[in-house]
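Good morning, everyone. Please have the sequence and the model open while I talk.

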Amino acid sequence: MDVRVRYAPSPTGLQHIGGIRTALFNYFFAKSSGGKFILRVEDTDRERYSDESLEDLYSTLDWLGIKWDEGPVVGGPYGPYIQSERFDIYKEYAEKLVKEGKAYYCYCTPERLEKLREEQVKSKSEYQGYDRHCANLTDEERAELEKQGIKPVIRLKVPTTGKTTFHDVIMGDITRKNKDISPDPILLKSDGFPTYHLANVIDDHLMGITHIMRAQEWIPSGPLHVLLYEAFGWEVPTYCHLPMVMGKDGQKLSKRHGSTAVREFRDKGYLPEAIINYVTLVGWSLDGSTEFLSKEELEHCFKMENIHKNPGKFDYKKLDWFNSQYIRMASDDRIASLLTPYLVKAGFISDPPTKEEEEKVRLLVAPAKERMKVLSDIVELSKFLFKDEPVSDKDVYIAKGSDLVKTKDALVEGGKILFDGLRENKAEEKIEEELMSLAERLEVKVNGVFQPIRVALTNSQVSLPLFDSIRLLGIPESERRLERAINLFKEN
């Protein structure tokens, strides 16, 4: 069997981590199986649809390097791949079910349905839901209702007895009593719009989808979809419901945990390979220990059987660590080009950068790579190079365990050791040893010497490595800043 899977998002919001995880699982399963990855846009919710969401879908997949074999833009033999362009198809198949007695026209008004719901709640009826009022209307009764201008919906006839079972690759057999399935759900609305269930089943069948990989939250819809497949006389695809993506607190990942939209991660400065690698490991593993896997490796090694049954936890700190590792592995030229927009936005360099600014960014990359978790960190890390905003609060200079007098001595004596050593071309390791010896003489921890010097030069407690900062600033400017800090401590 040729594997055909699909990612079928609704363009009603930005692409989020859970959705993209579904896309990645489908994509990697297709590639590792020699199959096809189909993109389908389920845009029938016109009230919430937005062009921005559709563009975000395309741009996010493009940024991740996920290319669909069939779908919008690229086309394919089973199009159109946008549901709003397939309404005639849904109408045809819904009416086919009516002709075969497996569905029926329903003329109940919203007012009647609301009154029915209120009565069922009030009476605490065991039976909740549609009462099949229109299931057995005669032709004359339907004609009379249509004369009144009432446009009907089409409802599926759900069996009132028996059970429906479908098999899930991860969860095993899932069974539900038919009487507990939504009673005669609407398939086609009065305005001609299909419901999710109808459009989803028809599209999956007509597009030859062999495996349906979707979030576990869709499990309750499984029996209804199986009933629809059976009503049409179609073969049911293989189901694989994916584990939920949770926050560290065990609750479904949401904005209360942090960023969830892929665009937010992209804007903050996560690399696509880090997102792909880490997100794929949320609910899947190769062997329980391998962590770093490239997109190309995943295209070959991904197996559906390795998807976890239990929910996957999304750990933002773990993602930061993955991203920092990928930043370090990337070439300096690539990182330089990626950092430039952040520096332009911060107003540090011009747009486009001058040759001098390009060289400055290039020199900045090597030391910055070791300090960045995300690319946007570069703004704070490099601010001292572009804007000199001296720290006037003496407490910022004073490290834990030190005091005002020892901090002043660290600046004076440490500065002499540092710059005399650089002029004498001493090895940086030798200068560091002398600074550590100074810390011993002053009876402070090493940071009691390094922190005040760091703050003096970079105006921050967190910065690039000391010697790299001096190289980027230049010795004259570095000495000027150190002298300024010493004078601050000489003030009463």
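A disulfide is a pair of cysteine sulfur atoms within 2.5 Å. By that rule, a search of the whole structure turns up zero disulfides. Take cysteine 134. It is in no disulfide, and the nearest cysteine sulfur, that of cysteine 108, is 3.6 Å away. Cysteine 134 is buried, at 4% relative accessibility. Buried means under 20% relative accessible area, exposed means over 50%, and partly exposed is in between, with a 1.4 Å probe and protein chains only. Now cysteine 301. Its sulfur is 16 Å from the closest cysteine sulfur, in cysteine 240, and that is too far for a bond. Cysteine 301 also counts as buried, at 16%.

A word on where this comes from. This is a predicted model, where local features need pLDDT of at least 70, side-chain atom pairs count only at pLDDT 80 or more, and totals for chains, interfaces and linings use all residues. Residues are numbered from 1 along each chain as its sequence is written, and side-chain values use heavy atoms, with hydrogens and water left out.

Next, the strands. Helices (H or I, at least four residues) and strands (E, at least two) are DSSP runs, numbered from the N terminus. Two strands pair if DSSP finds at least two bridges between them. Strands of a sheet pair through backbone hydrogen bonds, either parallel or antiparallel.

Start with β1, residues 4–7, and β2, residues 36–39. They pair in the parallel sense over four bridges. Which residue in β2 is the bridge partner of tyrosine 7? It is leucine 39. From β1 the chain passes through helix α1, residues 17–32, to reach β2, and this β-α-β crossover is right-handed. Right-handed means this: with the strands pointing away from the viewer, the path from the first strand over the helix to the second runs clockwise.

Then there is an open sheet of three strands. Its order is β3-β4-β7, with antiparallel pairing. β3 (103–106) and β7 (186–188) stand at the edges with a single partner strand each, so one side of each has no neighbour in the sheet. β3 and β4, residues 153–156, pair over four bridges in the antiparallel sense. Within that pairing, cysteine 106 has valine 153 in β4 as its bridge partner.

On to a hairpin. β5 and β6 form it, with three residues between them. Six bridges join β5, residues 163–168, to β6, residues 172–177, and the two run antiparallel. Threonine 164 has arginine 176 in β6 as its bridge partner. In a regular strand the side chains alternate between the two faces of the sheet. Look for that in β5. Thr164, Phe166 and Asp168 point to one face and are buried.

Now the aromatic rings. Rings of Phe, Tyr and Trp (its six-membered ring) pair if their centres lie within 6.5 Å; planes under 30 degrees apart are stacked, over 60 edge-to-face, and the rest tilted. How many aromatic pairs does this rule give? The count is 25. One of them joins tyrosine 278 and phenylalanine 314: the centres are 5.4 Å apart and the planes stand at 65°, so the pair is edge-to-face. Tyrosine 278 is in helix α9 (residues 272–280), and phenylalanine 314 is in the loop between β11 (312–313) and α11 (316–329), 36 residues apart. Tyrosine 278 is buried at 5%, and phenylalanine 314 is buried at 1%.

A second pair is phenylalanine 292 with tryptophan 321. It is tilted, at 5.4 Å centre to centre and 55° between the planes. Phenylalanine 292 lies in the loop between α9 and α10 (295–301) and tryptophan 321 in helix α11, so this pair ties together parts 29 residues apart in sequence. Phenylalanine 292 is partly exposed at 33%. Tryptophan 321 is partly exposed too, at 35%.

Among the buried ones are Pro272, Ile275 and Val279.

Last, charges over rings. A charge sits over a ring if NZ of Lys or CZ of Arg is within 6 Å of the ring centre and within 35 degrees of the ring normal. Arginine 46 has its charged end over the ring of tyrosine 49, 4.3 Å from the centre. Arginine 155 lies over the face of tyrosine 130, at 3.7 Å from the ring centre.
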